[in-house]
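Good morning, and thank you for coming.

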Amino acid sequence: MSSKRKTPERMCVACREMKDKRGLLRVVRSPEGVVAIDASGKAPGRGAYLCANEACLKRAQKAHNLEKALKTQIDETVFTALAEEIARREYSTVCTNAGGNDAG
Ligand SMILES: [Zn+2]
């Protein structure tokens, strides 16, 4: 029963499920207290993870999961940016198989 887990898993603050880091968005509160999406996953500060889907974003917004996790107020612009990032990810996922073939 030796399971090698190479992909790090993190817990979503909204649904509390452990997920592959790549399926999550990291929100970070910088040492200066600025909250932003951490696209690199390496920004310094306190981080919280959220599934890259709208349901968890809305849930987190409603229940203030991110505020609790980061122990700070979170501006609405952060949620807007998260929604945009989620939309972008969904779009790129959809388009992965669509490129390069114009015969149809
Ligand atoms: Zn989630």
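Predicted model: local features only at pLDDT ≥ 70, side-chain atom pairs only at ≥ 80, totals over all residues.

**One side of a helix**

In α1, the residues Cys 56, Leu 57 and Ala 60 are buried. Here, buried means that 20 or more other C-beta atoms lie within 10 Å of a residue's own; exposed means 12 or fewer, and partly exposed is in between, with C-beta atoms placed from the backbone. These three residues lie on the same side of α1, because they cover an arc of only 105° around the axis. The arc is that of the directions from the helix axis to the C-beta atoms. On the face turned away from the buried side, α1 carries the exposed residues Ala 55, Lys 62 and Ala 63. After α1 comes His 64, with a positive phi near 60°.

Residues are numbered from 1 along each chain as its sequence is written.

Let us turn to the chain as a whole. How many helices and strands does the chain have? There are three helices and five strands, and along the sequence they follow the pattern β-β-β-β-β-α-α-α. Both are DSSP runs numbered from the N terminus: helices are H or I with at least four residues, and strands are E with at least two. The chain has 104 residues, of which 22% count as buried.

Next, the core. A nonpolar core is a set of buried Ala, Val, Leu, Ile, Met, Phe, Trp, Tyr and Cys residues joined through C-beta atoms within 7 Å. The largest one has 21 residues, and those touching the most other members are Cys 12, Val 13, Val 27, Ala 48, Leu 50 and Leu 66. At least two residues of this core come from each of β3 (24-29), β5 (46-51), α1 (54-63) and α2 (65-70).

Which residues does Cys 12 contact, leaving aside its neighbours within four places in sequence? They are Glu 17, Lys 19, Leu 24, Tyr 49, Leu 50, Cys 51 and Cys 56. Two residues are in contact if their C-beta atoms, placed from the backbone, lie within 7 Å.

Finally, two loop residues. Arg 16, in the loop between β1 (9-11) and β2 (18-20), has a positive phi near 65°. Arg 16 counts as exposed because 9 other C-beta atoms lie within 10 Å. Lys 71 lies in the loop between α2 and α3 (76-95), and its phi is also positive, near 55°.
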